[in-house]
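Here are a few exercises to work through with the model open beside you. Try each task before reading its solution.

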Amino acid sequence: MGISHLKFHNAYAAPFPQSKDGIEALSDYPSEIIGQGAAGQVRRVDMPGQSFALKELHDKDSKIYNTRHLWYLKREAALLTWLHHPNIVNAYARWRSDGDPVVAMELLGLSLSELKPGGWRCGDALSFGIGLYIVREIAKALNYLHSKGSVHADVAPKNVLLERPFDTGKLPRVVLCDFALTQRVGGVLSKALCGTPRYAPIEVWEKKPRTEKADVFALGCILYELVTTGAQYEQRSAADVYLDLKDGDKYERIRANTEMPPSIKDLVESILLSSSIFNGFDLLYNIDRTFPAIRKAKTVEDLTSLAF
């Protein structure tokens with residue numbers, strides 16, 4: 001797929017170098033595929049003094065090209081023109097190539113899926129302070145998104161990006177990405193079973209209208225996984241995940257967990273089992289009220305030295 005016709009739209013983004021006629025042939029620069037999915041792929045593009053991630057659809061002549069995916073990418077490209085928040089990925093530019101939209105985004109270090117040694121479902125639990133810091137940063141993004149009457153609809157480890165690992169003194173920036181499924185609360189798509197099933201509440205499985213609570217529920221699942229040594233579902237099928245939610249088995253495992261300090265366990269249960277934490281604002285408020293030291297932390301050591 002050729003790449004051309006650069007358009008600027010994000011005031012927070014660094015400008016791309018342009019040719020004299022204002023059109024940059026980005027296909028002339030080195031690139032490599034860094035991620036692939038059913039809809040398309042993400043490539044790293046290296047320009048002089050700047051690298052970025054380019055999200056594009058599969059070629060139109062590909063057997064897996066789907067016009068529905070084109071519609072989702074168009075929606076995401078449009079959304080990223082008005083979503084401006086430090087905890088939401090910056091879209092540097094948006095332009096068309098061969099009639100399809102292409103989304104160029106800032107290139108960050110790694111996703112939350114890659115944070116633990118050996119992958120998301122292996123290795124030791126993270127520091128409780130680091131886990132809460134990550135969740136608080138994404139809660140800030142959700143607070144902003146929910147204030148605009150929208151839900152992300154796919155909050156999952158693969159869509160949480162870190163500027164760098166937690167192996168240096170300065171705290172990394174944490175951002176939410178992939179807004180292809182983002183929708184208005186109560187909109188046409190709000191009853192669709194979409195997103196990552198392992199992080200969806202029972203209401204989504206039963207195709208009830210999707211609310212801000214679905215995003216918060218997913219973030220509660222991520223918190224639970226971050227501060228314990230095992231994933232909530234491991235490699236179980238989607239059907240098993242649904243039955244666990246319907247029968248309450250997942251919640252029993254959370255209640256029986258002995259790895260979490262009582263204060264964090266109370267927060268996880270409040271997110272997953274009650275309606276008291278309904279949206280991003282509620283979650284951010286509860287974290288800041290219960291764990292004020294997380295908001296005040298400036299370094300990784302500040303987080304890892306906290307007692308719970």
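**Exercise 1.** Work out which elements line the largest pocket, and what the lining is made of.

*Solution.* Start with the elements: β1 (31-36), β2 (40-47), β3 (50-57), α1 (67-79), β5 (100-106) and β6 (110-111) each put at least two residues into the lining of the largest pocket. Here helices (H or I, at least four residues) and strands (E, at least two) are DSSP runs, numbered from the N terminus. The top contributor is α1, with five residues.

Before going on, a word on the model: it's predicted, so local features need pLDDT of at least 70 and side-chain atom pairs count only at pLDDT 80 or more, while totals for chains, interfaces and linings use all residues. Residues are numbered from 1 along each chain as its sequence is written, and side-chain values use heavy atoms, with hydrogens and water left out.

Next, the size: the volume of the largest pocket is about 1,100 Å³. Of its 38 lining residues, V42, K55, K158, N159 and D178 come closest to the centre. (On a 1 Å grid over the protein atoms alone, a pocket is an open set of points with protein on both sides within 12 Å along at least five of seven lines, and lining residues have an atom within 4 Å of a point; a volume is the space filled by probe spheres set on the points, which are joined across faces, edges and corners.)

Last, sort the lining by class: 18 nonpolar, 11 polar and nine charged. (Ala, Val, Leu, Ile, Met, Phe, Trp, Tyr, Cys and Pro count as nonpolar, Asp, Glu, Lys and Arg as charged, the others, Gly among them, as polar.)

**Exercise 2.** Which residues lie nearest the centre of the largest cavity?

*Solution.* They're A153, D154, Y199, A200 and R210, from a lining of 13 residues. A cavity is a set of points where a 1.4 Å probe fits but cannot get out, and the largest cavity has a volume of about 80 Å³.
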